[in-house]
Amino acid sequence: MAHIQITSHISSKFNEELQDIHSHALEMGRLVEQQLEAALNAIAGDDGGMARGVIDRDRRVNEMELAIDEDCIRIIAQRQPAAGDLRFIIAVMRMIIDLERMGDEARRIAYMAAHLAKRAGTNVQYRELRHLGAHVRAMLRNSLQAFTDGDVDLAVGVLHEDKKVDREYESILRETITFMMEDPRAIPRALDIINSARSLERIGDRACNIAEYAIYYVKGEDIRHSSPDELKEL
């Protein structure tokens, strides 16, 4: 929280309100990261109980989104923020939507982990899935850090990781389809792996969204549809 670049105001209460929504958004981000980690650990350990814990805790993520959104709307109505303050609040409101949807994807992965725990298979078959999960978790962590520090370079780095995640996802997809063709009995397990990989790829996309919001907040530039060459100019 110490790094966030919030404008200092005459009203200390306004400063506190901005710091609070930032702190709560980061708390929500950490919870989502924990959910993702637990879902991936459930796959790695064939742990259906851990998977159910992720599913049960998803409600907390949803509640946090609603509470932060309500606070943001109240601040806009009461304080009528402008310039950087308004960009910051808009960025937070966009970020929590993506975090909530990441939480949904973590819950889906947990569902798949619960299924996988009941089916025959070895951890070796999930190695690439866990690697993809670690990559996506790092993107989420870095995007949140970029937002906290106002670090444009770190945010751009997250955006560049997206193509690598896409390649990892496509590799898992190809190998798993081949595996299904070779052994039709493995189709149910293979479909769970594919669905989990797809959820991870989507979480990577949403981590990129958060990185874009960080850039928008700091520089006032909407780069959601920018090309790689345009990103170099940031």
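Visitor: What is the handedness of the crossing of α1 and α3?

Guide: In this predicted model, α1 and α3 cross in a left-handed manner.

Visitor: What makes α1 roughly parallel to α3?

Guide: The angle between α1 and helix α3 (residues 83–117) is about 20°, and their axes lie 9 Å apart. Angles under 35 degrees count as roughly parallel, so α1 is roughly parallel to α3. By class, their contact comprises 22 nonpolar, four polar and two charged residues.

Visitor: Why is E33 called buried?

Guide: E33 belongs to helix α1, which spans residues 12–45. Its relative accessible area is 12%; buried means under 20%, and E33 is therefore buried.

Visitor: How do you know that the side chain of E33 makes a polar contact with the side chain of R141?

Guide: The distance for that pair is 2.9 Å, and the cut-off is 3.5 Å. Leaving aside neighbours within four places in sequence, E33 is in contact with R137, L140 and R141.

Visitor: Why are α4 and α6 described as roughly parallel to each other?

Guide: Helix α4 (residues 127–149) packs against helix α6 (residues 187–219) at an angle of about 15°, with axes 8 Å apart. The limit is under 35 degrees, and α4 and α6 are therefore roughly parallel. Their crossing is left-handed.

Visitor: Which residues of α4 and α6 meet?

Guide: Among them are L129, L132 and V136 in α4, and I193, L200 and I203 in α6. By class, this contact of α4 with α6 has 18 nonpolar, four polar and no charged residues.

Conventions. Residues are numbered from 1 along each chain as its sequence is written. This is a predicted model: local features need pLDDT of at least 70, side-chain atom pairs count only at pLDDT 80 or more; totals for chains, interfaces and linings use all residues. Side-chain values use heavy atoms; hydrogens and water are left out. Helices (H or I, at least four residues) and strands (E, at least two) are DSSP runs, numbered from the N terminus. Buried means under 20% relative accessible area, exposed over 50%, partly exposed in between (1.4 Å probe, protein chains only). A polar contact is a pair of N or O atoms within 3.5 Å; within protein, one must be able to donate a hydrogen and the other to accept it, and residues adjacent in sequence count only if both atoms are side-chain atoms. Contact means heavy atoms within 4.5 Å. Axes are lines fitted to C-alpha atoms, for helices over the stretch in contact, and angles run from 0 to 180 degrees between N-to-C directions. Angles under 35 degrees count as roughly parallel, over 145 as roughly antiparallel, 65 to 115 as roughly perpendicular and the rest as oblique. A crossing is left-handed if the near helix is turned anticlockwise from the far one by less than a right angle, and right-handed if clockwise. Ala, Val, Leu, Ile, Met, Phe, Trp, Tyr, Cys and Pro count as nonpolar, Asp, Glu, Lys and Arg as charged, and the others, Gly among them, as polar.
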